[in-house]
Amino acid sequence: MSLEQKIMPELKAAMLAKDEAKLRALRAIKSAILLAKTSEAGKEMTEEDETKMLQKLVKQRKESIDIYMQQNRADLAKTEQEEVAVIELFLPKMMSEDEIREALKGIIESVGAKSPAEMGKVMGVATKHFAGTADNKIVSMLVKQMLGA
């Protein structure tokens, strides 16, 4: 079932329940889907494309939250946080730091990296391995720690 098919009943339910936060987030997702469809000239979106799109929406909102918090606008940050919570419902479960660390041990071994200078090699493999299941900032931080940077 495509993301668009999953969202439509949720959108209707949010309208009936008058859940403004959920409605805003679902409309944003629907808008992003429509935008992707028109820019791709009718090409079907894969599940991977949908996940990347959702991650991008979450990232944009988290950046907005940081800006709003710096400007002491908790009211605006709260609306963004509500949307992030709804969008994340449609994303695959993210890995914990411990799970990432365990997987990175194997990746570092297979690549043969021993120093911080080889971080690029590890990150190249790790980015593909963790696609959609781990935050690249956390992966990068853990790789630095593990390589002794």
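Let's start at Glu88, which is partly exposed, with a relative accessible area of 36%. Partly exposed sits between buried, under 20%, and exposed, over 50% (1.4 Å probe, protein chains only).

A word on the source. This is a predicted model: local features need pLDDT of at least 70, side-chain atom pairs count only at pLDDT 80 or more, and totals for chains, interfaces and linings use all residues. Residues are numbered from 1 along each chain as its sequence is written, and side-chain values use heavy atoms, leaving out hydrogens and water.

Back to Glu88. Its partner in a salt bridge is Lys62, with the closest N and O atoms 3.6 Å apart. By salt bridge I mean a side-chain nitrogen of Lys or Arg within 4 Å of a carboxyl oxygen of Asp or Glu. This pair links distant parts of the chain: Glu88 is in helix α4, Lys62 in helix α3 (residues 47-70), 26 residues apart. Helices here are DSSP runs (H or I, at least four residues), numbered from the N terminus. Lys62 is partly exposed too, at 40% relative accessible area.

How many salt bridges does the structure hold? Twelve.

Next, Arg24. Glu82 forms a salt bridge with Arg24, closest N and O atoms 3.0 Å apart. Glu82 lies in helix α4 (residues 74-88) and Arg24 in helix α2 (residues 20-39), so the pair ties together parts 58 residues apart in sequence. Arg24 also meets Glu83 in a salt bridge, 2.9 Å from N to O. Those two are 59 residues apart.

Is Glu83 buried or exposed? Buried, with a relative accessible area of 8%. Arg24 is partly exposed, at 31%.

Finally, the network: salt bridges link Arg24, Arg61, Lys78, Glu82 and Glu83.
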